Amino acid sequence: MKYKIIFSENAKKDLISVVRYISGELLEPDIAEKLAQRILKAIKSLDEFPNSHRLCNYKEWKEKGLRVLPTENYLVFYSADDANKIVKIYRVIYGKRDIEDQLKDRIEFEE
């Protein structure tokens, strides 16, 4: 059975920010769209084997089972709820940012 994938509000905003930055600041809307599609395709692959990626290096998040999916120059942080077959996407963060600082933001999911 495949896992259902749900996005936090933070992850949705992260993806929108990536597209806006590349489209608006770098003036490359086609590249932005293709990048977003590749990131979403990588995320979609989590519906089959979500536990195949490594646990997050940061102790607090590792203890909570947060995993990391590297894709392009971005890191997708997520957790898998095996009992309910749900993958929760927490954040999509550019790999060269201060990851630990970015993960401090409050994470909210729609019910």
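Reply: Buried means under 20% relative accessible area, exposed means over 50%, and partly exposed lies in between (1.4 Å probe, protein chains only). This is a predicted model, in which local features need pLDDT of at least 70 and side-chain atom pairs count only at pLDDT 80 or more, whereas totals for chains, interfaces and linings use all residues. Residues are numbered from 1 along each chain as its sequence is written, and side-chain values use heavy atoms, with hydrogens and water left out.

Me: Is Tyr 74 buried or exposed?

Reply: The relative accessibility of Tyr 74 is 12%. Tyr 74 therefore counts as buried.

Me: How many aromatic pairs does the structure hold?

Reply: Rings of Phe, Tyr and Trp (its six-membered ring) pair if their centres lie within 6.5 Å; planes under 30 degrees apart count as stacked, over 60 as edge-to-face and the rest as tilted. By this criterion, the number of aromatic pairs is two.

Me: Which parts does the pair of Trp 61 and Tyr 90 tie together?

Reply: Trp 61 and Tyr 90 are edge-to-face, 6.3 Å centre to centre with 65 degrees between the planes. Helices (H or I, at least four residues) and strands (E, at least two) are DSSP runs, numbered from the N terminus. The pair ties together parts 29 residues apart in sequence, because Trp 61 lies in helix α3 (residues 59-63) and Tyr 90 in strand β4 (residues 86-94).

Me: Is Trp 61 buried or exposed?

Reply: Trp 61 has a relative accessible area of 13%. Trp 61 is therefore buried.
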